[in-house]
Amino acid sequence: MVLSSLLFFLGASLASFFVLVGERVSKQESIVLPRSHCSYCQHELRWSELVPVFSYCFLKGRCLYCFNHIGHASTLWELFSGLLFMLLYSLEVNTLQGVLFCLVWFILLSRLNQTDY
């Protein structure tokens with residue numbers, strides 16, 4: 001159970017990062033700076049607001065500061081990716097195959113989230 005939870009969190013965290021990469025690359029922004037922030041009020045997010053899936057649920061889909069709605073698409077990608085990691089582990093997928101599959105998955109995920117196509 002603990003390992004499944006860690007795998008879910010790893011998959012969701014990687015999805016969150018690759019969604020961010022896709023969005024920022026399409027806008028020709030740095031993927032490092034500025035730190036994650038609200039799209040509306042530009043408030044820099046704290047670590048507790050960046051926990052994949054759980055922060056969205058805890059904040060009820062709104063920014064803690066300006067109360068604007070947060071898009072749910074990235075949360076769905078996080079949820080799906082976390083479940084995918086758990087599924088790959090439960091199916092006992094070969095390590096190399098699993099790594100290659102996840103690499104392709106996250107490259108596609110970052111491409112899907114580029115807004116300039």
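Helices here are DSSP runs of H or I with at least four residues, numbered from the N terminus. Welcome to this predicted model, where local features need pLDDT of at least 70, side-chain atom pairs count only at pLDDT 80 or more, and totals for chains, interfaces and linings use all residues. Residues are numbered from 1 along each chain as its sequence is written, and side-chain values use heavy atoms, with hydrogens and water left out. Let's look at two pockets: on a 1 Å grid over the protein atoms alone, a pocket is an open set of points where a 1.4 Å probe fits, with protein on both sides within 12 Å along at least five of seven lines.

**The largest pocket**
- The largest pocket holds about 1100 Å³ of space, a volume being the space filled by probe spheres set on the grid points, which are joined across faces, edges and corners.
- Its lining (residues with an atom within 4 Å of a point) counts 41 residues, and E23, S36, H37, L45 and S74 lie nearest the centre.
- Two or more lining residues come from each of helix 1 (2-26), helix 2 (54-58) and helix 3 (73-90).
- Helix 1 gives the most, with 7 residues.

**The second largest pocket**
- This pocket has a volume of about 250 Å³.
- Among the residues that line the second largest pocket are L7, F85, Y89 and C102.
- Helix 3 and helix 4 (95-112) each supply at least two of its lining residues, and helix 4 gives the most, with 5.
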